[in-house]
Amino acid sequence: MLNYIRAEIYKLLHRPYTYITLGIMLVLEGLYASMFAFHNSHSLVTPFGGAVATLVEMGSIGFCICLITGDIVFAAQYKNSTLKNEVSFGLSRTQIYLGKLLAQTLLSLAYLVVMMAFFIGLCAVCLPMNGPAGFYSSQDALIIVGYFLAAGIPLWIGGQAAVCMCQFLVNGEMASSFLYVGVVFVLDTTLEVAGLLSQGWFGNVLVKISGYFPNTMLNNAKSVVGDLVYLGQAWLVGAFWLAACTAVGLYAFHKKEIK
Amino acid sequence: MIENTAVMAAYGLQKVYGTCKALDGVNMQVRRGDIYGMVGRNGAGKTTLMRMVTGQSEPTGGEMELFGASGKEMRLQRSRTGVMIEIPSFSPFLTAQENLEYYRLQRGIPGKHVVDEVLEQVDLKDTEKKKFKSFSLGMKQRLGLALALMNHPDFLILDEPINGLDPEGVAEFRQILRTLNRERQTTILISSHILSELSNVATRYGFMDKGRILEEISAEALHDKCRTCLRLEVDDAARAAATLQSQLGTDKFEVLPGNVVQLYDCLDDPKRASYALAQNGVALLAMEQKGADLEAYFLELIGGGRHA
């Protein structure tokens, strides 16, 4: 497995896609931070804490980044028919699958670290540390973001497992991306609506289930900052999604004919 | 149980896609040291068979063995193989060197120099920064071969490996296979539509059609079968044989069932044979000159009509 991960990292470091994606993300972050700086020069001052705290509104972007990092690592292996090179050498399909998932997760975490550090660093440089009343203090903002990240990381890993599952379930990046978007962003809302429209215990079950989707869990996390029970639930839900998606993806991959 | 010299064997191997039988009870054996040429027309099942040996596809029935291992144990033996099936596939955004380095790391092959050595072996050392997506078909084939050779395999599985190679490339490729087979005792399973090229390297053949192996035969035996001869159909084969020995002084003939004698002599003067037989009261019912190359032999085997 170590060899597999080393090889994946080698490929990632030699792909322009890895750097271009990160570059675009950082540029967007730069624009976002400069928007606050520009705003500050004209009217109400938004301090460091106020800007950093807005990160909790962007949990869904993390799930989109999972999709992108998944695509970078998987590297259109169905389209390029390169999976046959790995299978025919005798690497087990479990090893291949878990290797891809691990590489995707590592890349996502690396992106997360770089992007968070860049944005927080940029805000620290460009924005005043203290602002008018009504904004979060720097310390409070960092606590909120810290809690949000602590809840978000397991949920994003669950999302990453969903990306990997979709890639091995269906051939083609477009189709697997649609499936992922459906599972992570649409299914929870659909279940919730269906639950609300239904009556009785079945409706309640659907609404309850919709609350255990990673995106829903993460969106709710920002309103319960400091709640350790909720944090524990986030880790459990993340672990469940990781295990369930990996089991389904592995099963599908073992049954798949490599073309 | 297979002979302990068998590198790969199949017993009643089947593969069914819906209602189509891609493999219909294939029995075959590739022995250590063979250069085994698989001959068959499109859709005969050659690639399907190779894909099963390499783990890309699972059989519907029957059994396979690789280096004596079967079932799930086969997977571990695959690290002793080098494979090139269908069009070589690599990451399009990496160079030849980067692609091979990626697989070297993945497979845990020690020594970075291996990549340079194998690139030199297939004459791709000078591609430098050219990405795989810009390679010609011939270059892709060479890189595919380089990957197959990188782990110094005991068993090479090559499906249509010379497609897209220029004449010089074909000659180099042939030389590489012969050298590997001779110096490293590498066993090779190879399929190709270019039968003349296959006949230049193969030491054993398997003829395949409609998902079945029709015949396995050594190159020597095939050569004997394909030898040019006079096919004499007579009324008394024993008397004809005695006449050929006494009158023409030759023992270069075979007596076949059905009063048929195959004569490998007098090819430039068939009248001599017919005259001698007539002189000795042997009725010559039919006479024809016969001979075949690999392609003709294969076409005859499958009933003629279409090219391999």
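How many helices and how many strands are there in chain A? Chain A has 11 helices and zero strands, where helices (H or I, at least four residues) and strands (E, at least two) are DSSP runs numbered from the N terminus. Read from the N terminus, its elements go α-α-α-α-α-α-α-α-α-α-α. The radius of gyration of chain A, taken over C-alpha atoms, is 20 Å, close to the 18 Å that the globule rule gives for 259 residues, so chain A is as compact as a globular protein of that length. That rule is 2.2 Å times the number of residues to the power 0.38.

Before going on, some ground rules. This is a predicted model, where local features need pLDDT of at least 70 and side-chain atom pairs count only at pLDDT 80 or more, while totals for chains, interfaces and linings use all residues. Residues are numbered from 1 along each chain as its sequence is written, and chains are lettered from A and ligands numbered from 1 in the order in which they are written. As for confidence, the predictor gives the complex an ipTM of 0.81 and a pTM of 0.81. Chain B has a mean pLDDT (the predictor's confidence in each residue, from 0 to 100) of 84, and 96% of its residues reach 70 or more.

Back to chain A: its C-alpha atoms fill a box of roughly 65 × 55 × 30 Å along the principal axes. Of its 259 residues, 40% count as buried. Here, buried means 20 or more other C-beta atoms within 10 Å of the residue's own, exposed means 12 or fewer, and partly exposed is in between, with C-beta atoms placed from the backbone.

Now for the place where the chains touch. The contact (C-beta atoms, placed from the backbone, within 7 Å) takes 23 residues from chain A and 25 residues from chain B. On the side of chain A, the largest share, six residues, comes from helix 1 of chain A.

What covers the buried residues of helix 5 of chain B? The cover includes helix 5 (83-87) of chain A, along with strand 6 (81-84), helix 3 (96-107), helix 4 (113-121) and strand 7 (155-159) of chain B. In this helix of chain B, 10 of the 13 residues are buried, so helix 5 of chain B is largely enclosed by the rest of the structure. Among those buried are M139(B), L143(B) and L147(B). Its length works out too: at 1.5 Å a residue, the 13 residues (137-149) should span 18 Å, and the end C-alpha atoms are 18 Å apart, which agrees. The expected span is 1.5 Å times one less than the number of residues.

Chain B also has an open sheet of four strands in the order 2-1-4-5, with antiparallel pairing. Strands pair if DSSP finds at least two bridges between them. At the edges sit strand 2 (20-31) and strand 5 (69-70) of chain B, each pairing on one side only. Strand 1 (residues 6-17) and strand 2 of chain B pair over nine bridges, and A10(B) stands opposite M28(B) in strand 2.

Finally, here are two residues of chain B with a positive phi, neither of them a glycine.

| Residue | Phi | Loop in chain B | C-beta atoms within 10 Å |
|---|---|---|---|
| Q185(B) | about 55° | between helix 6 (167-183) and strand 8 (187-191) | 10, exposed |

Definitions and conventions
Two residues are in contact if their C-beta atoms, placed from the backbone, lie within 7 Å.
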